[in-house]
Amino acid sequence: MDSVRPRSEGGSPGARRRPLLAGLLALGLCSAASGAAADDFEDARYDPATDTLLVTLLYRGTDPVHRFTLQWGTCTSPDANGVSHVAAEVLDSQWDDPALKDYSETVHLSLAGLPCRPAQVTLRTAPKFIINVFVPEKTPEA
């Protein structure tokens with residue numbers, strides 16, 4: 001345990017550095033947060049022609065060419081209407097791209113890994129950015 005010593009008016013050198021260190025730490029956290037700006041949704045719908053989700057994403061970065069994929073969660077048991085619920089995390093290939101410019105892109109997201117159908121799908125990019133879309137039972141291919 002440190003002993004208590006009276007300080008001179010200017011304080012110890014360590015005490016003078018603490019506010020600077022705290023400020024730099026806060027600045028670093030803010031920079032990290034802006035560099036990892038979460039994607040958001042403008043629209044999402046099921047596209048029966050391609051059996052994919054057609055999703056318009058809003059994101060920030062320096063590079064407009066981001067690749068988006070889905071990481072599926074676990075399906076709930078079907079409800080009374082036979083519909084399951086499942087969440088999917090939308091992953092951005094360039095999540096660490098510095099958030100300098102706004103972009104909007106409409107992408108087809110594969111349903112290949114969807115573990116249940118029909119399903120109410122909740123897409124999520126961050127805790128507060130979600131959108132829901134219904135995916136019907138897959139129709140037999142012609």
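**Fold, core and disulfide of the predicted chain**

Gly-113 is partly exposed, its relative accessible area being 44%. This glycine is found in the loop between β5 and β6, and although Gly-113 and Trp-72 are 41 residues apart in sequence, their C-alpha atoms lie 6.9 Å apart in space.

Across the chain the pLDDT averages 78, and 71% of the residues score at least 70. Confidence is lowest in helix α1, which covers residues 13–35 and has a mean of 40, whereas the highest value, 95, belongs to β7. Over residues 16–38 the pLDDT is below 50, and this stretch has 12 contacts in the model beyond near neighbours in sequence. Residues 1–10 also stay under 50, and for these the model has 3 contacts beyond four places in sequence.

The chain contains 1 helix and 7 strands, arranged along the sequence in the pattern α-β-β-β-β-β-β-β. Of its 142 residues, 33% count as buried. Among contacts between residues at least 6 apart in sequence, 64% join residues that are at least 24 apart.

Four of the strands make up an open sheet with mixed pairing, in the order β3-β4-β6-β7. From one strand to the next, the twist averages 30°. In general, the strands of a sheet pair through backbone hydrogen bonds, in either a parallel or an antiparallel manner. Here β3 and β4 run antiparallel and are joined by 5 bridges, and Gln-71 stands opposite Glu-89 in β4.

The largest nonpolar core comprises 25 residues, of which Leu-53, Val-55, Leu-57, Leu-70, Trp-72, Val-121 and Leu-123 touch the most other members. At least two residues of this core are supplied by each of β1 (40–47), β2 (52–61), β3, β4, β5, β6 and β7, with the largest share, 4 residues, coming from β2. The surroundings of Val-121 can be followed in detail: when neighbours within four places in sequence are left aside, Val-121 is in contact with Leu-53, Trp-72, Val-86, Leu-114, Ile-131, Asn-132, Val-133 and Val-135.

The link of Cys-75 and Cys-116 is left-handed, with -90° about the S-S bond. Cys-75 lies in the loop between β3 (68–72) and β4 (84–92), while Cys-116 lies in the loop between β5 (101–110) and β6 (119–126), and the pair therefore ties together parts that are 41 residues apart in sequence. As for the accessibility of the two cysteines, Cys-75 is partly exposed, with a relative accessible area of 22%, whereas Cys-116 is buried, with a relative accessible area of 12%. The loop between β5 and β6 accordingly holds Cys-116 as well as the partly exposed Gly-113.

Key: Residues numbered from 1 in each chain as written. Predicted model: local features only at pLDDT ≥ 70, side-chain atom pairs only at ≥ 80, totals over all residues. Heavy atoms only, no water. Disulfide = S-S within 2.5 Å. Buried < 20%, exposed > 50% of the residue type's maximum accessible area, 1.4 Å probe, protein only. Pairing = 2+ DSSP bridges. Axes fitted to C-alpha atoms, helices over the stretch in contact; angles between N-to-C directions. pLDDT = per-residue confidence, 0-100. Contact = heavy atoms within 4.5 Å. Core = buried A, V, L, I, M, F, W, Y, C linked by side-chain atoms within 4.5 Å.
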